[in-house]
Amino acid sequence: MLRDTRLSAEKLSRIDERIRDDWSVEPFDFEEAVAYHDSLPDKKRFAKVLQRADRPLLQPRAGVPRLDDQIALLRHLEGAGGADLLPTTIDSYTRDNEYEKAQQGLENARESGDDTLNGFPAVNHGVEGCRKLIEGVDAPIEVRHGTPDARLLAAVTFAGGFQSFEGGPISYNIPYTKERDLAQTIEHWQYVDRLAGAYTARGVEINREPFGPLTGTLVPPCIAIAIGVVEGLLAVTQGVRSITLGYGQVGNLVQDIAALQALRELGEEYLPGDVTVTTVFHEWMGGFPPDEARANGVIALGAATAAIANPDKVITKSPQEFGGVPTKEANAAGLRTTRQILDMVCEQDIDVDGIEEEREFIEDSVRSLLDTILELGDEDVAQGIVAAFETGTIDVPFAPSDSAKSAVLPARDDDGRVRILEFGDLALEPELKSVHTNRLDRRARAENRTTSFQMVADDVDAISDGRLIGRRGSSQSGGGGA
Amino acid sequence: MLRDTRLSAEKLSRIDERIRDDWSVEPFDFEEAVAYHDSLPDKKRFAKVLQRADRPLLQPRAGVPRLDDQIALLRHLEGAGGADLLPTTIDSYTRDNEYEKAQQGLENARESGDDTLNGFPAVNHGVEGCRKLIEGVDAPIEVRHGTPDARLLAAVTFAGGFQSFEGGPISYNIPYTKERDLAQTIEHWQYVDRLAGAYTARGVEINREPFGPLTGTLVPPCIAIAIGVVEGLLAVTQGVRSITLGYGQVGNLVQDIAALQALRELGEEYLPGDVTVTTVFHEWMGGFPPDEARANGVIALGAATAAIANPDKVITKSPQEFGGVPTKEANAAGLRTTRQILDMVCEQDIDVDGIEEEREFIEDSVRSLLDTILELGDEDVAQGIVAAFETGTIDVPFAPSDSAKSAVLPARDDDGRVRILEFGDLALEPELKSVHTNRLDRRARAENRTTSFQMVADDVDAISDGRLIGRRGSSQSGGGGA
Amino acid sequence: MSATIILGVIGSDAHAVGITILDQALSTAGFDVVNIGVQSSQQDFISAVEAHEGDAVLVSSLYGHAEQDCRGFHEAIESAGLDPITYIGGNLAVGQDDFEQTKACFRAMGFDRVFDSETKPMEAIAALKADMNITESEAERTRLTS
Amino acid sequence: MSATIILGVIGSDAHAVGITILDQALSTAGFDVVNIGVQSSQQDFISAVEAHEGDAVLVSSLYGHAEQDCRGFHEAIESAGLDPITYIGGNLAVGQDDFEQTKACFRAMGFDRVFDSETKPMEAIAALKADMNITESEAERTRLTS
């Protein structure tokens, strides 16, 4: 039965062996892997680089199927883009544990020269391929993926020299998959975190980063933060000591700054004192305008927000976001636009009114959600989060997963802050709910319409249509793509 | 002798005839011109469009020698860029009253197809050419130039249907010319303003816009605002009723917002009640980074500042600013990046701390300067401003004009606000001066260096080098270009 | 009007926002919508057409693998003896593609219409009505443009 | 070292920031600087070389008319029996130019060196020292790189 307790060393080994049957990988050994990590210079130690920085570090997204191409891509982002931290985004077949399909895609890519996969199939490249990648660039690299069962991916990439791993059992299940069982996903991630903890115990600190933006579209901050804290708690139980909590820009300056402050404070409060909590801010993850000039505006607002809120890391977007995977030049351009604003603003002492009030509101809401989760699990956070999703007391809007009710619907208030229009069974205290409802009613009155699903759809499209709030009559309504 | 009194109708006519000897222009008649303006639709009435707007209007800069090209360029900026107000930037020869050289350039351009002039020679195109331009686009167009003696240009363009005219006797002398006499320039602009006033009296409201950014490089807000108010007063004496006061972004959010607020408040206070005062914010006018991605960051920060400060108009820059005159596509891109941020931020209620304090400091400083100017002129602002520049009690940094002492040197304080390092004889009260000095001393201590010219040079280059403040050791020092 | 629309996201793709909004818009416009959700296989679509007598299939894909995921789809539909109208929309190719080329590619595979990710639900609704010869009543027209 | 540098902005151009900073930097580096200011004609430069026995002429131009403004400049210098080192720098062409092409154009006109507007004063100083065979003392080198 699922419990939030540390896996035994024996269980770790047993799983370690079993998962290698999923795909024939070259044999590799934990001791040898620790020695390999020990041989890496300080500048490739992800947690150290992140924790020692005195300004927000920039990290893009990037993954192509072939090793040489991936090295060239990352070098470009380091050189021309000035990225401080590098990513390796994994392809979708690997995320589905379809290693055979990934292999075909990789071989097609090698033969045709085309990128027939949407990321780097790290399991297929194996430990040796990963190490060539680590050695091919200067900065540390994080594995970024979206894999519900990331056990083999973690085993291969940790042995391959990666020291940071994005995701978690909730944040890589709820927004990424339909039928995966949440309890089983948590068990799978207990292995990932336990393995990270095993390296950590040997002095190889593996940084773990819950994926904060979840479905990337108008996610109310309290939901994102509560889930991040839960994933942090689960990881810490398994021995992880470096946690980066994430949050995706919603576009309202006050709410974004308040949310980043709440994220850091609640992370430090709920996680034990010997854990180093850092924060990451994702530039807007929703639909982008189909125009590079306007996309630069969206990116720049994210950068300005980061400059004021001062997270430890910023994940950048590119002006080509609308069209899918960007060229390396556009990716580097997104980094430089962000850097220019950060460096022009971060030395300014900018204090925006109303942040404390919004932060307290977010913190109260997160506590309301976390209290319910812990109560449902009888203080066991693993059991609690499963029960909470089953009952809808925790929920994520627009979630594809059958594990979530998806009854929650968000909309923007008259100031552009993301509020909750439909709560479903979300465990928020009544007085907190009434704040959401009152704010949305106020907007509805201002626009002379009723709060409805149309308001949600209008807000989903608003930024790609050139505004923050999907005001009645401001565009043709609807939400084709995102 | 120069006096701030309205020119008589006889004197207006006399000058009107005399200036037409400077270059043979087709004869044109005031009554016919008024009738032409009356025939224009409301959407081409500059002052009306500007004053009725409920959000900041966007205006780019643009001027090419040939008429058809200028129409095509402005249509592109209207269509692809979404410009609300259009410009026509005049070439440098016309600014020097070298109409013969401008004619040669225009003819070369027509023959070669190259743009051998850096703007539109409106005098050479004549009234008929101007009217074709006015009729060729949808939005109203402003004449933007930099001409110390703009009398003929004003006569031709006003008759040609333009209803907005940038510049003034100080703002188009001090930063644009070396040897022109300031008193004489004021007399020349009395004619321009008197002519604008004559149209205004006939119901054709000509909007006049003092050029706020002056030398465009770290100009202390109090200096820019004081000069803008003086030019406003001079214009109003001649019958102008629509004044747009301007200010150029310095890059510090608090200082820029405070300055725009001070600009509007002092404008409304010092100018008579029957004058409509609007404000214009210029995106950064100093040196740009030699990289479009970084330039977008600079532009975006200007847009975000405008979204919070809410001026009536924003003059946009393009990502190609570094390389000189931008392509029409880059110019339109600058407009769209600005628009995206404006529309995402302007609905948010953002209140930044410390603005009131900075605004009061700016207002006190402007009053100190204006008091001295009026005192020196025995309440005649025309005489006062000439005397103030002669004595250095008013001064502009980096001014090429012999009419200014150019003894004032600006530098950024530790928060990035533009302060004054060298005052020369600037008429600021001692307690105001000490604020500047203390702030700069604090920065010097923070960087463990002394306040010096090197600090000024470092600050001049900082934004093009990717930062706001030219910190000691942050770059290779110096200031090649801007 | 009681046309039945099968709606889903094909392949491993889990982007749910678009079909959530499309579902709501199609339902409001009077269609019977069967939303089979994200990560649906070709067979999931075909089974839904059979089970619900679907008149049209709307395939969404936003992760760049649509071409691979849809290979053989129309042959399988035909083998099952079905002939629904088929649309596909979203980000259909990895990288910065030329949409005209992408469109031609998916048209050649058998899709009746191909949309980019900027398409609004109203466009899809108008296309469905045109392709199914559904005449809008004045009332509907008013509602749709309001 | 007592080399004399004539510094100015040519033509109708009134951009004063660059030469203000260059003036200060060259003076600090030990040169005798004669700053003739903005809006200087070819004759203003030539007169200054004659009057001050200028060893080098630094022409600045930022408004895009440099080619027109400098036409015949080197012929005029030669006619006056002078032979100073000549540099030009700034935004030398209207529009988005290819700098290599611009450089070749101004080199062909007779300028010894051509700089873009990104050039720092230190580069111009180093070039002057190289072209004038001025050896830096250790002390100077320290000061320049500090």
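## Two domains of chain A and the contact between them

In this predicted model, 2 salt bridges are counted between domain 1 of chain A and domain 2 of chain A. The exercises below look at the parts on either side of that contact.

**Exercise 1.** Find which residues of chain A belong to domain 1 and which to domain 2, and state how far apart the C-alpha centres of the two domains lie.

*Solution.* Begin with the domain assignment, which gives 9-347 as domain 1 of chain A and 359-465 as domain 2 of chain A. Then take the C-alpha centres of these two domains, which lie 26 Å apart. Finally, turn to the contact itself, to which domain 1 of chain A brings 47 residues and domain 2 of chain A brings 41 residues.

**Exercise 2.** Work out how much area the two domains bury between them, and which residues of domain 1 of chain A lose the most.

*Solution.* The area buried between domain 1 and domain 2 of chain A is about 3600 Å², and 73% of it is on carbon and sulfur atoms. On the side of domain 1, the residues that lose the most area to domain 2 are Ile174(A), Leu218(A) and Cys222(A), which together account for 18% of what that side buries.

**Exercise 3.** Describe the polar contacts between the domains, and then the make-up of the domain 1 side by class.

Key:
Residues are numbered from 1 along each chain as its sequence is written. Chains are lettered from A and ligands numbered from 1 in the order in which they are written. This is a predicted model: local features need pLDDT of at least 70, side-chain atom pairs count only at pLDDT 80 or more; totals for chains, interfaces and linings use all residues. Side-chain values use heavy atoms; hydrogens and water are left out. Domain bounds come from an automatic or database domain assignment. Contact means heavy atoms within 4.5 Å. Buried area is the accessible area (1.4 Å probe) that two parts lose on being put together, summed over both. A salt bridge is a side-chain nitrogen of Lys or Arg within 4 Å of a carboxyl oxygen of Asp or Glu. A polar contact is a pair of N or O atoms within 3.5 Å; within protein, one must be able to donate a hydrogen and the other to accept it, and residues adjacent in sequence count only if both atoms are side-chain atoms. Ala, Val, Leu, Ile, Met, Phe, Trp, Tyr, Cys and Pro count as nonpolar, Asp, Glu, Lys and Arg as charged, and the others, Gly among them, as polar.
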